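The sequence and structure are shown first.

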Amino acid sequence: MKEEIIIAGFGGQGVLSMGKILAYSGLMEDKEVTWLPSYGPEQRGGTANVTVIISDERISSPILDTYDVAVVLNQQSLDKFESKVKPGGTLIYDSYGINRVPARTDIVVHRVDAMDATFEMQNAKAFNMLVLGALIKAKPMVAVESVIKGLKRTLPERHHNMLPMNEEALRKGMELIQL
Amino acid sequence: MESDIRLMKGNEALAHAMIRYGADGYFGYPITPQSEVLETLEAEMPWESTGMVVLQAESEVAAVNMVYAGAGAGKAVCTSSSSPGMSLMQEGISFIAAAELPALLINCMRGGPGLGTIQPSQADYFQATKGGGHGDYRLITLAPSSVQEMCDFVALGWDLAFKYRTPAMILADGTVGQMMEKVILPEPRRRRTEEELREQCPWAVTGKKNRKRNIITSLELNAPAMEVINNNLQAKYKRIEENEVRCEALNTEDCEYLIVAFGSMARICEKAMELARKQGLNVGLLRPITLWPFPAKAIEQAARKAKGILVVELSAGQMIEDVKLAVNCQVDTRHYGRMGGMIPTPDEILGVLKEMFVK
């Protein structure tokens, strides 16, 4: 098993922490993982992206040309990464602010309305967990339980009161995708 | 065991490894992409647990001279920086090497020259391996390619530094510093006691009691005496060259094409090698782990049947000079590199390899 994933969006959307939770989930299942952010000035407002690899075997390059899964959360990221999904791969995008939808027919495309769901939940902070839920539903690379364990390891203990909200968002995210 | 396996950035692993080594002191000044070293040390507050000193100096020049002083007292001390900051430290590093003191130096390289960018680079290879400061000195130079190696090379670097009484450098880059991977942290060791230090470092300035006084200096105005000091240094460097070469070889037996790359670049080249082998090309990879002493013999052996060597670096071509020397220019050796913080992808490297050699 090996999944090569890119997650991209605006800085502040929780792109890097979503990748971190995903990487931790892989760790909980004793997999090899790498997490490589774009750490430039773009982190502070512009676009941010992170490459996560989860594998049963030793991982060579943390930097990739193409991806099994792309999770894109704004138009720039969609424009940049749609062409970099491997044929037969998966593209997940949030519809909010998207004016040009994905055009490829040789990949599986999932639209999630996670931003709309945050309005329903009245909780903007739930956004990345909703998307993560959708991701592991579309591509069950790690078990939900591992994600929850991973979340616990990622959040500092003083924020552990936020675990139930995050778990709820994760499970709600899984319902946002119809397979 | 679960708690010993952690996911962390290379820079964070450096900091945790220092504390667990039983380090006495860290002196640094923040600079991207290695600021997490100081940040992590400040967050862990080892001065409360092990007594390790952590200090943000007023400049890189101050930091390296604090390391000079701590090392003179026999302490396990370290500083870290990124390229422009490392340039500021070169005078101090030359002094530390001349005074034959053990110290751990870490350079998490970024794109240059000048202030350059904050993205990864490997263009400080010359500076690290050929002596960035003045005079005939060498740095044991370790090039980690994973977060685990960032962690492990802290202990290895200090052990070698104390063994040979010479500074050792971890030459990392922005990618290994910023990347998160699984890491297994070593068992914590306690710091040496003053008694242990006096016994293990009889040369250190520890407060003279019933012994000849120790003098730590790099100054010797008498030229014949200074030549003797130089000869002794060179004899030590020869011992290091004979005993401390480290490298990793993948598929190099009878390989037709050899890639030589270090640090994060070796990881990307490993993927390029995997892709090439899937296409039926007999490609091997040799990764120098010690950049000095350089694994010249291993490269010469790996290239015996090779039609060509591709040296891939995040620079205009620095390590390639040592590779050409290793094979005595008997094998067609070419370079591919990106600069200024740009990073080539596996496909890009495979394309270059095919274009240059396979046709």
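This is a predicted model: local features need pLDDT of at least 70, side-chain atom pairs count only at pLDDT 80 or more; totals for chains, interfaces and linings use all residues.

The largest cavity holds about 40 Å³ of space. Its lining consists of A:R58, B:S145, B:E248, B:L250, B:A266, B:R267, B:E270, B:L285 and B:R287.

Strand 9 (247-250), helix 12 (263-278) and strand 11 (283-288) of chain B are the elements that each give two or more residues to this lining. Helix 12 of chain B gives the most, with 3 residues. By class, the lining of the largest cavity comprises 5 charged, 3 nonpolar and 1 polar residues.

## Largest pocket

The volume of the largest pocket is about 820 Å³. It is lined by 33 residues, of which A:S38, A:N49, A:I63, A:K80 and B:I343 are the closest to its centre.

In chain A, strand 1 (2-10), strand 2 (32-37), strand 3 (47-55) and helix 2 (75-81) each supply at least two residues of the lining of the largest pocket. This lining divides into 14 nonpolar, 13 polar and 6 charged residues.

## Packing of two helices

Two packed helices are described by the angle and the distance between their axes. Helix 1 (residues 15-28) and helix 4 (residues 127-138) of chain A pack at an angle of about 45°, and their axes are 10 Å apart. Helix 1 of chain A is therefore oblique to helix 4 of chain A. Their crossing is right-handed.

On the helix 1 side of chain A, A:S17, A:M18, A:I21 and A:L22 meet A:N128, A:M129, A:V131, A:L132 and A:L135 of helix 4. The residues of this contact comprise 7 nonpolar, 2 polar and no charged.

Notes. Residues are numbered from 1 along each chain as its sequence is written. Chains are lettered from A and ligands numbered from 1 in the order in which they are written. Side-chain values use heavy atoms; hydrogens and water are left out. Axes are lines fitted to C-alpha atoms, for helices over the stretch in contact, and angles run from 0 to 180 degrees between N-to-C directions. Helices (H or I, at least four residues) and strands (E, at least two) are DSSP runs, numbered from the N terminus. Angles under 35 degrees count as roughly parallel, over 145 as roughly antiparallel, 65 to 115 as roughly perpendicular and the rest as oblique. A crossing is left-handed if the near helix is turned anticlockwise from the far one by less than a right angle, and right-handed if clockwise. Contact means heavy atoms within 4.5 Å. Ala, Val, Leu, Ile, Met, Phe, Trp, Tyr, Cys and Pro count as nonpolar, Asp, Glu, Lys and Arg as charged, and the others, Gly among them, as polar. On a 1 Å grid over the protein atoms alone, a cavity is a set of points where a 1.4 Å probe fits but cannot get out, and a pocket is an open set with protein on both sides within 12 Å along at least five of seven lines; lining residues have an atom within 4 Å of a point. Grid points are joined across faces, edges and corners, and a volume is the space filled by probe spheres set on the points.
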